[in-house]
Amino acid sequence: MIAIACDHAGIDLKPHVIAVLEELGIPYTDFGTHTRESVDYPLYGARAARAVASGQCERGIVMCGTGVGIGMAAGKVHGIRCVTCTDTYSAKMSRLHNDANMLALGARVLGSELAKDIVRIWLMTAFEGERHARRVGMIDRLDRGEALE
């Protein structure tokens with residue numbers, strides 16, 4: 001199950017993300033928003049992130065104008081490793097090396113076809129583990145407020 005959410009600026013990109021999820025047969029839960037009325041992106045980013053952090057959803061995809069704000073908000077939820085992507089290589093590497101569990105996209109900076117390619121690659125790429133697992137563990141320790149040195 002994938003959590004999805006957006007603010008008013010990301011709403012036009014959401015149907016394209018949903019189309020990829022449906023194409024791949026991946027179920028999703030939509031945490032809003034559902035209109036173009038101005039809303040506060042942290043609320044929607046947090047809703048999706050909490051669903052991922054709790055285990056209700058395996059991963060999440062959030063959208064706003066740039067992807068930056070909603071991605072920052074999602075990343076403040078304990079247990080979330082959210083990446084804002086504008087290219088397919090970063091999407092792939094964020095999964096392979098960083099085990100990103102949330103993806104943030106910007107509706108005002110990405111065309112719909114590029115966004116769909118990013119989503120496909122991000123969803124279909126597995127975490128490589130091995131030496132990267134140690135590094136992701138260090139990120140998780142930072143998230144818990146622990147020292148690395």
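**Note on the predicted model**

1. The charged end of Arg-95 sits over the ring of Trp-122, 6.0 Å from its centre. Arg-59 also lies over the face of Trp-122, at 4.9 Å from the ring centre. A charge sits over a ring if NZ of Lys or CZ of Arg is within 6 Å of the ring centre and within 35 degrees of the ring normal.

2. On sources: this is a predicted model, in which local features need pLDDT of at least 70 and side-chain atom pairs count only at pLDDT 80 or more, while totals for chains, interfaces and linings use all residues. Residues are numbered from 1 along each chain as its sequence is written, and side-chain values use heavy atoms, with hydrogens and water left out.

3. The chain has six helices and five strands (DSSP runs numbered from the N terminus: helices are H or I of at least four residues, strands are E of at least two). Along the sequence the pattern reads β-α-β-α-β-α-β-α-β-α-α. The radius of gyration is 14 Å, close to the 15 Å from the globule rule for 149 residues, so the chain is as compact as a globular protein of that length (the radius is taken over C-alpha atoms; the rule is 2.2 Å times the number of residues to the power 0.38).

4. Along the principal axes, the C-alpha atoms fill a box of roughly 45 × 25 × 25 Å. Of the 149 residues, 46% count as buried (buried is under 20% relative accessible area, exposed over 50%, partly exposed in between, with a 1.4 Å probe and protein chains only).

5. A nonpolar surface patch is formed by Met-138, Leu-142 and Leu-148, with about 240 Å² of accessible area together. Patch residues have over 30% relative accessible area and no salt bridge; nonpolar side chains (Val, Leu, Ile, Met, Phe, Trp, Tyr) are joined within 5 Å, like charges within 9 Å. Areas come from the Shrake-Rupley method with a 1.4 Å probe, and a salt bridge is a side-chain nitrogen of Lys or Arg within 4 Å of a carboxyl oxygen of Asp or Glu. Met-138 belongs to helix H6 (residues 131-143) and is partly exposed, at 31% relative accessibility.

6. Some backbone details deserve a look. Gly-32 and Thr-33 are joined by a cis peptide bond, with omega about -5°; Thr-33 is in the loop between strand S2 (28-30) and helix H2 (41-54).

7. Asp-99, not a glycine, has a positive phi of about 50°, and is found in the loop between helix H4 (88-96) and strand S5 (102-106). Glu-130 likewise has a positive phi of about 50°. Glu-130 is in the loop between helix H5 (112-124) and H6, and is exposed, with a relative accessible area of 71%.
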